[in-house]
Each structure stands twice: as structure tokens, then as C-alpha cells.
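I opened a new page for this protein today. I want short notes on what I look up, one topic at a time.

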Amino acid sequence: VQEIFQKAKSIYLEKEKNAFLDMDKTKEGEWMKKVIQSGTLSDKLSSLTISIQNHPKTSLNHLRTLTGMAQSANKRQAELALHTLEDLYTQNVLPNKKLYSFKETMKAAIEKKSSLSNHFIQESYFNHELRLLYAQFITILENGSKDALEHYSVSTLKILTHLLSTKPEKENIILSILVQRIGSNIPIIQKTACKCLKELLGKHPNMSIIVIKEIKQFLTHVTSDELKLK
């Protein structure tokens, strides 16, 4: 599988390289490249967004750039990058189904005796890397939900709710994060987490059993921890 993975990676990187070269040949592409390298924060985000929207299947490099910006110590820059990623993941990049690792995809294909064409393995590599980037994005949001800056924490909880309402990827992890924030000792975070879960159930009432189960599990852990402290 590792050999196939390396082959798939090479095919993808060549495809990404060609996409950038084609873009550089246009006036818009030249401008976007210049802006990404030395433009203002707003222009950089706009340029990265347009590039990813135009070429979603060769967007890993730009998604990594945005993910790095979302981890900035500058909360304004981080929050703007988070919102940009939120829009891109929900509208342009993520499929409406769960992603799988390259190993899982290859194993399923081999069991079904499916053809491992260059296109198939390249797509599988893209989905594998996208899955890892999205997981990193969720971790950034989870850490942000615990940030001392309340406005920033509230913003990350709202983004998590939007992601959970829109795409199935990492839904169990996101739900767990939202439920755990009910236990925050900061009133506005508690209130926001409750409001977010209510909003989620309003859009997806079929998730009520899953949400109730997650809340019960959380309360059980909280009660257990409290008893240990007595």
C-alpha cells in the first residue's frame, strides 16, 4: 500500500503543479500569486478562496496555508482564516459523505477487486490528505472553544455547529466538543453551547437520540469525577 501511496502522491503533486502553471499563465493567476505572497490579509484570504473554489481538487497546498493562518497568535487573523475555511469546507471542498484513509480505501478496493487506476489512487490520496487537514481544522476549533477570549470561543462553537449541520465528516468528534462545552464555567460559553445544540436539533431533529446519548454520557463522566473528588 505504501508504494501505491507514493505513486498516488506523485500523480497528485504533478496535477497540482500543472494547475498552478496554467493559472500563472493568466493575468488573474499572476495577480493572485502576487497577492498570496505579499498582499494584505483580506486580499490573501480572498485570493486563496478564489483559487480553491476554481480548483478544489488541487487545493491541498492552499488549504495548508489557510490552516497555518488559522493557528496564528493574532486572533483577528486566526478568526478570519477559520471563517474562510468554514465556507470552503462546507461549500466547495468536502463531499457529502465521510472520508476514509488511503489504506482503508485501498483495502476496500482490493477486496472488491476494483481497478486501481491512476485517477482512482490520486483521488484516494487527495481524500486522505483532506481528511487529515479537516481533522487538524477541528482540533484548532476545539482549542479555540477553550480560549480565554470569550468572543473567539463563541465564534469557534458557532463554526463547529455549522460544520456539524452541513457535513458528516468528524460528526461524532464535533458533537462531543459541543456537549463538553456545556460544562464550561463561563456562562456565555455554556449558553452558546446549549443554543448551538438547540439550533442543530432544529435543523436535524433525527439527531436527537444521538445528542441525548452524548449528553447523558457527558453527565455520567461529570458525576463520576465529582464523586472521586469527595
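**Entry 1: a loop residue**

I started with N206, which sits in the loop between α10 (187-203) and α11 (208-229). Helices here are DSSP runs of H or I with at least four residues, strands are runs of E with at least two, and both are numbered from the N terminus. I looked up the accessibility of N206: the relative accessible area is 64%, so N206 is exposed. My cut-offs are under 20% relative accessible area for buried, over 50% for exposed, and partly exposed in between, with a 1.4 Å probe and protein chains only. I then checked N206 against Y125. They are 81 residues apart in sequence and 33 Å apart in space, C-alpha to C-alpha.

A note on the source: this is a predicted model, where local features need pLDDT of at least 70, side-chain atom pairs count only at pLDDT 80 or more, and totals for chains, interfaces and linings use all residues. Residues are numbered from 1 along each chain as its sequence is written, and side-chain values use heavy atoms, with hydrogens and water left out.

**Entry 2: the whole protein**

I looked up the elements next. The protein has 11 helices and 0 strands. I read the order from the N terminus as α-α-α-α-α-α-α-α-α-α-α. The C-alpha atoms fill a box of roughly 65 × 50 × 35 Å, taken along the principal axes. Of the 230 residues, 41% count as buried. I also looked at contacts, meaning heavy atoms within 4.5 Å. Among contacts with a separation of 6 or more, 65% join residues 24 or more positions apart.

**Entry 3: two helix pairs**

Two packed helices are described by the angle between their axes and the distance between the axes. Axes are lines fitted to C-alpha atoms, for helices over the stretch in contact, and angles run from 0 to 180 degrees between N-to-C directions.

I took α5 (residues 75-93) and α8 (residues 150-166) to begin with. They pack at an angle of about 5 degrees, and their axes are 10 Å apart. α5 and α8 are therefore roughly parallel to each other. The classes are under 35 degrees for roughly parallel, over 145 for roughly antiparallel, 65 to 115 for roughly perpendicular, and oblique for the rest. The residues in this contact include L82 and H83 of α5, and Y152 and I159 of α8. I sorted the contact of α5 with α8 into 5 nonpolar, 7 polar and 3 charged residues. Nonpolar means Ala, Val, Leu, Ile, Met, Phe, Trp, Tyr, Cys and Pro; charged means Asp, Glu, Lys and Arg; the others, Gly among them, are polar.

Then I turned to α9 and α10. Their axes come within 8 Å and cross at roughly 135 degrees. α9 and α10 are therefore oblique to each other. L175, L178 and V179 of α9 meet A193, C196, L197 and L200 of α10. This contact of α9 with α10 has 7 nonpolar, no polar and no charged residues.

I stayed with α9 for E171, which lies in that helix. E171 counts as partly exposed at 26% relative accessibility. Leaving out residues up to four places away in sequence, E171 touches K98 and L164. E171 and L200 are 29 residues apart in sequence and 12 Å apart in space, C-alpha to C-alpha.

**Entry 4: positive phi**

Most residues other than glycine have a negative phi. I noted K113, a residue other than glycine with a positive phi near 60 degrees. K113 lies in the loop between α6 and α7. Its relative accessibility is 77%, so K113 counts as exposed. K170 also has a positive phi of about 60 degrees, although it is not a glycine. K170 is in the loop between α8 and α9 (171-180). Is K170 buried or exposed? At 16% relative accessibility, K170 counts as buried.

**Entry 5: the largest pocket**

How many residues line the largest pocket? I found 15, of which K97, K98, Y100, T105 and N127 lie nearest its centre. α6 (102-111) and α7 (118-144) are the elements that give two or more residues to the lining. By class, the lining has 6 nonpolar, 4 polar and 5 charged residues.

Key:
On a 1 Å grid over the protein atoms alone, a cavity is a set of points where a 1.4 Å probe fits but cannot get out, and a pocket is an open set with protein on both sides within 12 Å along at least five of seven lines; lining residues have an atom within 4 Å of a point.
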